[in-house]
Amino acid sequence: MASTIIGAGITIEGEISTDEDVVVAGTVRGKLTAKEAVTIEHGATVEADVQGGSLVVGGSLTGNVTASERVDLQSGSRVIGNVKAARVTIADGAQFKGNVDMDV
Amino acid sequence: MASNVTVIGKSTRVRGRVHGPGDIEVQGLVDGEVSVTGDVTLALHGMVGAGIKGRKLVIRGAVKGDLVADEAILLEDGARVVGDLRAPRVAIGVGALVRGYVETGEEGSSSARARTQTAARAAPVAATHAPERPHTPARAPAPAQAKVAAPPARAQASGATNSGPRRPPPPVVPVLKGAKGQIAKKKER
C-alpha cells in the first residue's frame, strides 16, 4: 500500500488527513489524522495532535495522541502530551510527559 | 534510502503550507502553497490549491495557483493549470490545459520585461488574434519550448510602459496598418 512520506527538512503547517500509512521525517505543525500506521522517525518534529491506527514514535512529538490500536514510544523519542490507546509501550530511553489512557 | 523525497500519497489531504528543501511528489491534495527548493512532481490525480514554487516543476495534475520555477516548468498530458507560469523555460505538452499568463526568461529581470513589452499601438490588435492566447484555455498542438519573447526590434521601439503583470502578448504576425490606423487595403492599380 502506498504511503505518505514527509521527508527530512520538509515542513507542513496545517492539517493532514489520510487513509494510508504516514512516515514523518520532517516537521509537522497542526494536526495529523491517519487511518493506518503513523511513524515518526528519529529527528522528526511533530507539534500536532496525532490520530492514527497505530503510532510509532522515534522523534519529537508535542501533542495529544489517539490510536485505535497501539502506541510505541521508542528509545530516543521525546513525547509531551496525552496518549490514548488500547496498548502502549514506552521503551527504555524514551522521554515522556503526559497522561496515559489505555481504555481501562 | 533517498533522503528528502517527500511523497504526499493519493488519499492524503494537506490543508496548509508545505515548504522546505528537497523534492516533493504530490499524488493527493494539497490545499495550500507548495514552496520547496527542489523538484516538484504533481501526479495525474494530484491537486494543489495554491501556488507552487520550486526548481523544476513537472505538472500532470490540477493546479489553481501560480507556478514559479528557478529552472523549468513542464506541463504534461493531464495537466490543468489555472494560474501564471514563470520560469526560464516553459514547456506545455500535448493535452495540457493552461489558463494564465506565461512568462519565460529570467524571473524578474529587466531584460525579460523589455522583451515581452509590446508597442502600445500593436496591443489592441494583438488582443484580437493573440497567438498564445494566455487568457483563454490553450490546447497546445505541439510541445512548445515557449520563448514568448517578441522580436527584439519590436521591443526596442516600444514606448509602452509596463501596465502591470497582465499584458497581451506580442503578435506573431506583423500587422499592416495604414496612415489612419486601419488595416491597409491592397490597391490594385
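This is a predicted model: local features need pLDDT of at least 70, side-chain atom pairs count only at pLDDT 80 or more; totals for chains, interfaces and linings use all residues.
Residues are numbered from 1 along each chain as its sequence is written, chains are lettered from A and ligands numbered from 1 in the order in which they are written, and side-chain values use heavy atoms, with hydrogens and water left out.

## Where the chains meet

Let's start with the strands. Helices (H or I, at least four residues) and strands (E, at least two) are DSSP runs, numbered from the N terminus.

S17(A) sits in strand β2 of chain A. Setting aside residues up to four places away in sequence, S17(A) touches T33(A), S11(B), T12(B) and R13(B), where contact means heavy atoms within 4.5 Å. With a relative accessible area of 22%, S17(A) is partly exposed. The cut-offs work like this: buried means under 20% relative accessible area, exposed means over 50%, and partly exposed is in between (1.4 Å probe, protein chains only).

Now zoom out to the whole contact. Chain B brings 19 residues to it and chain A brings 18 residues. The area buried between them is about 1,500 Å², and carbon and sulfur atoms give 43% of that. In chain B, S11(B), R15(B) and H19(B) lose the most area to chain A, together 28% of what that side buries. Buried area is the accessible area (1.4 Å probe) that two parts lose on being put together, summed over both.

How many residue pairs are in polar contact between chain B and chain A? There are 14, with both residues at pLDDT 80 or more. A polar contact is a pair of N or O atoms within 3.5 Å; within protein, one must be able to donate a hydrogen and the other to accept it, and residues adjacent in sequence count only if both atoms are side-chain atoms.

On the side of chain B that touches chain A, the elements giving two or more residues are β1 (5-8) and β2 (13-20) of chain B. The largest share, 8 residues, comes from β2(B). That side divides into 7 nonpolar, 8 polar and 4 charged residues. Here Ala, Val, Leu, Ile, Met, Phe, Trp, Tyr, Cys and Pro count as nonpolar, Asp, Glu, Lys and Arg as charged, and the others, Gly among them, as polar.

## Salt bridges

Over all chains, the structure holds 15 salt bridges, and 2 salt bridges run between chain B and chain A. The term means a side-chain nitrogen of Lys or Arg within 4 Å of a carboxyl oxygen of Asp or Glu. Here are some of them:

| Pair | N to O distance |
|---|---|
| E13(A) and R17(B) | 3.8 Å |
| D19(A) and K35(A) | 2.9 Å |
| E47(A) and R29(A) | 3.1 Å |
| D72(A) and R70(A) | 3.1 Å |

D19(A) is partly exposed at 37% relative accessible area, whereas K35(A) is exposed at 58%.

E47(A) has a relative accessible area of 38% and is partly exposed; R29(A), at 36%, is partly exposed.

In the D72(A) pair, D72(A) is buried at 14%, while R70(A) is partly exposed at 27%. Elsewhere, salt bridges that share partners join E13(A), R29(A), E47(A), R17(B), E33(B) and K53(B) into one network.

## Two last stops

S54(A) is in strand β6 of chain A and is buried, with 15% relative accessible area. Leaving aside neighbours within four places in sequence, its contacts are E36(A), A37(A), V38(A), A67(A), E69(A) and R70(A).

As for chain B as a whole, there are 3 helices and 17 strands, and buried residues make up 44% of its 189 residues.
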